[in-house]
Amino acid sequence: MAEAKRGDWKTQEMPAQNAPFPIQMDLTPAELALLRQGHVPRGMEDKWFRCFVDGVFYIYRSWTGFCIYQIPVSPEGRIRGGIVNRDPDQYKETDSGRDAVMAEYLIRCQVGRTDNRELMMKYIRWGKGTEQ
C-alpha cells in the first residue's frame, strides 16, 4: 500500500495559534511502519486524513483540511509531545489533556491497536466533564 502524502488531500498548514500538548507513546517497529503509511479517508464518515512527513505525524480534519495535530516521532518510534491547533475558527477544543486522549486514540487506530474502546469512552466522559 502506498504511503499517504500531503498532496493526496486538501490540507492547510498548522496556524500560528497553536500550543504544545502532552502525549507519550512508544511504538514497535511494525507499528511505526503502519504509522508511516498514513490514512486517506474513503468516505464522508471518515473524519481524519493522516500522513507522515519528515518524522512528523500530521492529523488533519478531512472535511476542512485543517491541521489539528502535529506529532514528532523519533526514528525508534518514541512520541514525547505534540502541537495542537488553537485557532478557534478552525478547532474548538481547548483542553490539552483531552487532545492527548484523541491524538492517542487516532494513533492507536492507525497502528492497528484494537483495545481502544476505553480510551474513546474516556474522551467522551471528559467532554461531559466527568473525567480528567
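Analyst: R108 is buried, with a relative accessible area of 10%. Buried means under 20%, exposed over 50%, and partly exposed in between (1.4 Å probe, protein chains only). This is a predicted model: local features need pLDDT of at least 70, side-chain atom pairs count only at pLDDT 80 or more, and totals for chains, interfaces and linings use all residues. Residues are numbered from 1 along each chain as its sequence is written, and side-chain values use heavy atoms, with hydrogens and water left out.

The side chain of R108 meets that of E104 in a salt bridge, 3.7 Å from N to O. The term means a side-chain nitrogen of Lys or Arg within 4 Å of a carboxyl oxygen of Asp or Glu. Side chains of opposite charge can pair when their charged atoms come close. E104 is partly exposed, at 23% relative accessibility.

Both residues lie in helix α2, four residues apart, about one turn of the helix. Helices (H or I, at least four residues) and strands (E, at least two) are DSSP runs, numbered from the N terminus.

Now the sheet. Five strands form an open sheet, ordered β1-β5-β4-β3-β2, with antiparallel pairing. Two strands pair if DSSP finds at least two bridges between them. β1 and β2 stand at the edges, each with a single partner strand, so one side of each lacks a neighbour in the sheet. Helix α2 (residues 96-110) packs on this sheet, touching β1, β2, β3, β4 and β5. Contact means heavy atoms within 4.5 Å.

Notes: Axes fitted to C-alpha atoms, helices over the stretch in contact; angles between N-to-C directions.
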